[in-house]
Amino acid sequence: MSGNVRLLSDTLAAAKEEGRSALIAYLPAGFPTVDGGIEAVKAAIEGGADVVEVGLPHSDPVLDGPVIQTADDIALRGGVRIADVMRTVREAHAATGAPILVMTYWNPIDRYGVERFTAELAEAGGAGCILPDLPVQESALWREHAEKHGLATVFVVAPSSKDERLAEITAAGSGFVYAASLMGVTGTRASVSSQAEDLVRRTRATTDTPVCVGLGVFDPAQAAEVARFADGVIVGSAFVKRMLDAPDDAAGVEAVRALAGELAKGVRGQV
């Protein structure tokens with residue numbers, strides 16, 4: 001069965017045709033429970049997200065800030081497994097028809113088996129993977145299997161990336177390019193780094209692939225700011241914080257739905 005890389009590309013292109021950025025939400029699988037996480041992903045899409053990244057919880061995340069680390073700890077203590085991540089993708093995609101990616105560090109895939117992981121993700125209806133710690137020069141095996149199974153390979157670029165390095169990364173990736181708006185970890189910030197716009201400009205000079213910006217976007221005003229220059233706006237910690245702050249799981253799901261609606265207005269400049 002082939003994955004949904006084409007659906008991802010078509011969704012980003014449709015947003016562009018509407019004259020706006022796409023809204024991409026991030027939520028960890030298994031948080032607050034596997035079932036609750038599935039409901040949260042569905043709520044994000046129903047609220048206005050175009051694409052969702054499902055995080056594979058990891059005990060030693062290098063990119064994730066304290067909010068997402070807290071959620072990952074809850075998911076891991078709950079016993080979340082890769083099978084639960086695949087179930088999250090399958091059920092969320094089946095319910096919404098939206099493109100769902102997995103964001104994961106390389107070690108879990110390496111241990112699970114690249115062929116097994118890509119085949120199962122494609123079978124679940126996944127659109128691809130975001131791999132923040134997989135060096136491009138070591139990615140040939142992954143890309144071979146991802147391409148065979150119709151999955152996007154999304155790499156992360158940072159403000160520190162030199163132009164030659166950007167060209168190398170964008171030539172190897174597919175789906176979209178994840179532009180980290182600043183050096184550091186995920187989290188909410190009072191303002192979006194001015195480095196983000198320059199990074200998008202330099203990245204676009206190397207590729208026609210959409211460039212989506214994440215790390216630090218927290219509210220509709222910031223989403224609108226990033227939407228001026230990026231093809232997509234990625235929001236994670238703000239969704240997770242809404243769930244952590246909610247009095248119960250049902251309220252957390254509704255908080256995700258509400259925030260997605262607010263951010264969807266932001267990427268459309270309606271703030």
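## Overall architecture

The chain contains twelve helices and nine strands, where helices (H or I, at least four residues) and strands (E, at least two) are DSSP runs numbered from the N terminus. This is a predicted model, in which local features need pLDDT of at least 70 and side-chain atom pairs count only at pLDDT 80 or more, while totals for chains, interfaces and linings use all residues. Residues are numbered from 1 along each chain as its sequence is written, and side-chain values use heavy atoms, with hydrogens and water left out.

Along its principal axes, the C-alpha trace spans about 45 × 45 × 35 Å. Of the 271 residues, 58% count as buried, that is, under 20% relative accessible area with a 1.4 Å probe and protein chains only.

## The nonpolar core

The largest nonpolar core has 89 residues. Such a core is a set of buried Ala, Val, Leu, Ile, Met, Phe, Trp, Tyr and Cys residues joined through side-chain atoms within 4.5 Å. Phe117, Trp142, Phe176 and Phe239 have the most contacts inside this core. Helix H12 (residues 249–267) supplies the largest share, seven residues.

Leaving aside residues up to four places away in sequence, Phe239 touches Ala25, Tyr26, Leu27, Val256, Leu259, Ala260 and Leu263; contact means heavy atoms within 4.5 Å.

## Packing of H10 and H12

In helix H10 (residues 220–227), Pro220, Ala223, Ala224 and Ala227 meet Glu262, Leu263, Gly266 and Val267 of H12. The residues of this contact comprise six nonpolar, one polar and one charged; Ala, Val, Leu, Ile, Met, Phe, Trp, Tyr, Cys and Pro count as nonpolar, Asp, Glu, Lys and Arg as charged, and the others, Gly among them, as polar.

Note on methods:
Buried means under 20% relative accessible area, exposed over 50%, partly exposed in between (1.4 Å probe, protein chains only).
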